[in-house]
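Me: I would like to go through this structure slowly, with some questions and answers about its surface and its charged pairs.

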Amino acid sequence: MCSFSKGCGYSKNDLRDQGTPIILYGRLYTNYETQIHSVDTFVKPLENSVYSEGGEVIIPASGETAEDISIASVVEKPGIILGGDLNVITSSADIDPVFLALELSYGKPHFDLAKRAQGKSVVHIHNEDIANVFFGHPNIAEQRRIGAFFDRLDSLITLHQRKYCGVVSWMLGVALVRLSSEK
């Protein structure tokens, strides 16, 4: 149902202000998205770089805890370099990548992967671990509806967070003005 590969090694030291877009594994912890639509980190490409074709599911190969590393995202666009320490999953036509990422991140497979993670201070998940996790799935049309539902839910949450942040910023500004006028 899926094929597996690995990203190719890059580090934060390789990042540039411009160049070819790249996803480093740390992004999945600091800027997690179920679907990665755009990337704001860039590198000068190396000869052995691994490029997305669009639709790959990526999952970190290492992290601090087993629960943290069993989180997945879909790389939507082609031409993005997939950095090292990423497990790369390409699904067959019967498996929607967004549904797969949601299952790996939040479904029963998430807990099964966490059990398979190895290590103490740094834990690892290998492609073989992912390949051996079973997950049931509905037909492809239902998978797409589930993915679309969660995409709309994510958008709604983001909209409300921005609205809330705007109100908080405005209130903070009013409070600062009042404090400075009282001095």
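**Surface patch and salt bridges**

Reply: On the surface, a nonpolar patch is formed by Phe-149, Phe-150, Leu-153, Leu-156, Ile-157 and Leu-159, whose accessible area together is about 530 Å². A patch joins residues with over 30% relative accessible area and no salt bridge, like charges within 9 Å and nonpolar side chains (Val, Leu, Ile, Met, Phe, Trp, Tyr) within 5 Å, and areas come from the Shrake-Rupley method with a 1.4 Å probe, where for residues only the protein chains shown count as cover. The model is predicted, with local features needing pLDDT of at least 70 and side-chain atom pairs pLDDT 80 or more, while totals for chains, interfaces and linings use all residues. Residues are numbered from 1 along each chain as its sequence is written, and side-chain values use heavy atoms, leaving out hydrogens and water.

Me: Is Arg-27 buried or exposed?

Reply: Arg-27 and Glu-33 meet through their side chains in a salt bridge (2.3 Å, N to O), a term for a side-chain nitrogen of Lys or Arg within 4 Å of a carboxyl oxygen of Asp or Glu. Buried means under 20% relative accessible area, exposed over 50%, and partly exposed in between (1.4 Å probe, protein chains only). Because its relative accessibility is 10%, Arg-27 counts as buried.

Me: Which residue forms a salt bridge with Lys-108?

Reply: Lys-108 has a relative accessibility of 58% and therefore counts as exposed. The closest N and O atoms of the pair are 3.1 Å apart, and the partner of Lys-108 in this salt bridge is Asp-112.
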